[in-house]
Amino acid sequence: MTTASTIKGAVNTDLRHDSATKHVSGRAEYTDDIPEPAGTLHAYLGVSNVAHATLNGVYLEAVRSAAGVVGVLTAADIPGVNDVSPTGRHDEPVFPTEKIEFHGQPLFAVVADTRDNARRAAELAKVDCDVLPHALDPIAAQDAGYPHITDNLTLARGDAAGAMPKAQHRIAGRMEIGGQDHMYLEGHIAFAIPGEDDDVIVHCSTQHPSEAQHMVAHVLGVPSNAVVVNVRRMGGGFGGKESQMNLFCAVAAMAAKKWNVPVKIRPDRDQDMTATGKRHDFVVDYEVGFDNDGRIEAVKGDFAARCGWSSDLSGPVTDRALFHADNAYFYPNVKLVSQPMKTNTVSNTAFRGFGGPQGVVAAERMIEEIAYALGKDPLEVRKANFYGGKGRDLTPYHQEVEDNILDRLIGELEQNSDYQARRKAIIAHNAKGGIIRKGIALTPVKFGISFTATWYNQAGALVHVYNDGSIHLNHGGTEMGQGLNTKVAQVVADAFQVDFDTIKITKTTTEKVPNTSATAASSGSDLNGMAALNACDQIRERLIAFAVENWGVAADQVAFLPNQVQVGDQVFAFGDFIKQAYMARVQLSAAGFYKTPKIHWDRAAGKGRPFYYFAYGAACSEVSIDTLTGEYRVDRTDILHDVGRSLNPILDKGQVEGAFIQGMGWLTTEELWWDDKGALRTHAPSTYKIPLASDRPRIFNVDLADWSENRELTIKRSKAVGEPPFMLGIAVLEALSMAVASVADYKECPRLDAPATPERVLMAVERLQGD
């Protein structure tokens with residue numbers, strides 16, 4: 001029988017992104033490309049210019065009388081509930097009524113005939129307020145007695161307090177870990193078109209159409225069935241469009257229904273950066289006890305986070321930081337505590353890794369501390385502390401690590417990157433002195449896959465097979481450039497054994513698949529691929545039953561071949577077979593569904609199995625630093641990453657490459673900076689430095705662990721790839737640390753905070769030289 005490999009675009013094979021040509025030619029349509037109907041109006045936000053104040057009133061007479069202005073929206077104009085909180089804590093009003101909580105907070109919206117007129121008019125408002133003291137970072141918030149913005153979490157196993165004093169060695173320290181702006185190419189945008197009765201259609205750039213639908217419905221005071229949210233594609237998301245789009249969708253929908261005309265809202269880059277949340281900054285206080293071999297005996301960690309003025313997703317983000325504070329290492333005795341602090345800054349939100357990277361960085365800092373204290377290679381300490389067999393396989397949240405492939409993964413990368421010889425050569429180079437110092441580091445990643453909110457681990461899909469054999473695919477995931485649509489369509493093509501071009505991928509819409517989860521937590525392919533396969537299986541079963549009845553053959557005599565269907569001794573073209581099934585009134589449409597098995601989580605007890613499986617990876621990076629200026633470059637990076645049995649290796653490789661660069665940028669050049677008035681000053685590409693093409697490693701080798709296969713029953717035994725490789729960038733931070741440490745003969749951990757900007761590198765060099 002012919003194999004699936006003859007299908008064009010089969011699973012487990014390289015296939016170009018379905019929109020690749022459109023992307024590079026500029027023909028891909030985004031929300032802002034949708035033709036505007038006659039009479040379309042434009043909204044723009046008016047924002048605060050203080051960080052914390054009692055709000056006495058906003059005077060809008062000059063705004064209303066400005067050129068082209070049709071009207072203004074304030075809290076008083078909200079017909080439903082003044083709240084767009086994604087977690088139901090009801091602490092995030094669309095527009096505030098009593099207090100200003102951060103510099104740049106939206107206070108009202110102007111609606112005008114053009115975007116430029118709306119933007120200019122928004123500057124004319126007069127705000128009457130009594131300024132209050134503000135706290136901008138988690139430590140200042142603690143000192144000022146600010147509350148937790150959401151419930152904190154404790155993870156504990158063993159007796160950390162009792163074991164710590166008994167350890168042969170103990171080290172305590174503090175690490176500051178900076179935040180990060182999403183810097184998606186396409187900013188936030190929502191375009192609302194009013195319909196009859198309560199109806200409204202919202203085109204927008206969101207990772208969570210169902211949440212946007214529900215938020216708009218709450219704000220308008222209508223049922224969810226009156227609101228349709230459409231997303232064809234996003235120009236990047238990275239978590240920044242999981243919950244932050246709610247405000248823009250609500251404003252556009254309110255304006256559209258109030259004036260009964262289409263309304264679009266698109267902030268400029270400055271307002272996009274000041275009014276929407278970032279990756280959470282953390283200040284981690286840690287203490288680690290260990291023996292003479294570098295094996296960890298006890299860990300205590302306190303994770304204080306800058307959460308911002310409202311809860312947003314800070315609860316699960318800070319939870320996930322604790323979930324990953326072990327990274328790849330077994331802690332016999334451990335106690336980890338989160339401190340999600342309210343601050344007078346924009347409300348921080350989801351970002352690729354969702355708190356996990358901050359936890360992993362803290363774990364790697366403790367490994368580094370141990371290595372320098374004992375005069376060992378950090379890789380030796382890492383290997384000594386890897387999760388192992390029975391007795392060394394339980395995480396701080398009491399989930400067993402069942403599928404640990406790190407020994408093989410690290411061993412292969414260590415050999416293939418020639419780590420040992422290169423490290424020896426780097427130590428010899430540094431021993432000569434000189435201005436340029438080098439460093440090398442090989443770091444692992446173990447990352448849990450699933451939403452920690454168990455109910456989000458579900459997905460739906462809708463598959464239609466038309467009577468000419470063409471197939472229509474719709475699912476609840478959103479395409480933001482990562483290739484999700486391509487992968488899910490490959491799954492459908494494989495199920496029916498037809499060419500990829502047979503599948504038509506349509507926009508994500510709440511009209512077709514309801515109650516979807518966000519495309520986040522690296523779960524897009526896992527969930528939506530399985531839901532689509534479920535729909536295909538339903539249709540296949542009906543088609544097999546039809547063939548059995550119509551031709552009198554056994555079910556095992558019906559087979560789907562490449563673009564054909566075999567029934568006994570007869571072979572039909574797929575389209576011809578489908579036509580006959582249609583004539584026989586076989587249902588050729590199905591709604592698929594999937595929910596992740598095995599997972600459960602008791603947050604109060606700090607125990608459970610929050611993750612279906614773990615994805616693994618490792619990176620080896622070599623850097624050079626200039627000890628006179630602190631400037632540096634990445635000379636070489638080798639990566640070996642685990643994606644299970646890849647659905648599409650070339651897309652997965654692209655995800656690994658991009659994630660590494662983004663993670664490297666977070667830890668090196670991307671710095672968020674607020675002034676003493678609470679204003680974000682790094683609010684545009686001119687002041688916020690993301691990695692450029694020239695910042696990539698000079699030598700960049702990326703391989704997938706093609707021998708890996710998910711032991712769990714995931715879609716085609718693949719593993720998630722969106723978030724885990726982001727943490728591979730930590731290898732660059734660790735390599736910089738070694739280069740800095742060389743100026744003091746590796747006697748001391750440099751304790752580089754992140755981002756390790758050239759200024760921070762230079763200050764660390766000078767401090768060690770001074771010591």
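**Ground rules.** I worked on a predicted model, where local features need pLDDT of at least 70 and side-chain atom pairs count only at pLDDT 80 or more, while totals for chains, interfaces and linings use all residues. Residues are numbered from 1 along each chain as its sequence is written, and side-chain values use heavy atoms, with hydrogens and water left out.

**Domains.** I looked up the domain assignment, whose bounds come from an automatic or database source. It gives domain 1 (39-132 + 188-266), domain 2 (282-452 + 602-770) and domain 3 (458-595). The centres of domain 1 and domain 3, taken over C-alpha atoms, are 39 Å apart. I then checked contact (heavy atoms within 4.5 Å). Between these two domains, 19 residues of domain 1 touch 18 residues of domain 3.

**Four-stranded sheet.** Helices (H or I, at least four residues) and strands (E, at least two) are DSSP runs, numbered from the N terminus. Two strands pair if DSSP finds at least two bridges between them. I found an open sheet of four strands in the order β19-β18-β17-β24, with mixed pairing. The twist averages 25 degrees from one strand to the next, with axes fitted as lines to C-alpha atoms (for helices over the stretch in contact) and angles running from 0 to 180 degrees between N-to-C directions. Helix α15 (residues 524-551) packs on this sheet and touches β17, β18 and β24; its direction makes about 140 degrees with that of β24. Strands β17 (residues 458-465) and β18 (residues 471-475) pair antiparallel over five bridges. Leu462 stands opposite Asn474 in β18.

**Three-stranded sheet.** I noted another open sheet, of three strands in the order β21-β22-β23, with antiparallel pairing. Its edges are β21 (558-561) and β23 (570-573). Here the twist averages 20 degrees from one strand to the next. Four bridges join β21 to β22 (residues 564-567), and Phe560 stands opposite Val565 in β22. Helix α16 (residues 574-583) lies across β21, β22 and β23, at about 95 degrees to β23.

**Strand β2.** I followed β2 (residues 53-59) to β4 (residues 99-100), with which it pairs antiparallel over two bridges. Ala53 stands opposite Ile100 in β4. Six bridges join β2 to β6 (residues 126-131), also antiparallel, and Tyr59 stands opposite Lys126 in β6.

I used a 1 Å grid over the protein atoms alone: a cavity is a set of points where a 1.4 Å probe fits but cannot get out, a pocket is an open set with protein on both sides within 12 Å along at least five of seven lines, and lining residues have an atom within 4 Å of a point. Grid points are joined across faces, edges and corners, and a volume is the space filled by probe spheres set on the points.

I counted six cavities of 30 Å³ or more. The largest cavity has a volume of about 160 Å³. It is lined by 17 residues, with Glu92, Gln244, Leu247, Ala275 and Trp309 nearest its centre. Its lining draws at least three residues from each of domain 1 and domain 2.

The second largest pocket has a volume of about 590 Å³. Of its 27 lining residues, Thr87, Gly315, Pro316, Ala453 and Trp455 lie nearest the centre. Helix α9 (residues 314-323) gives the largest share of that lining, four residues.
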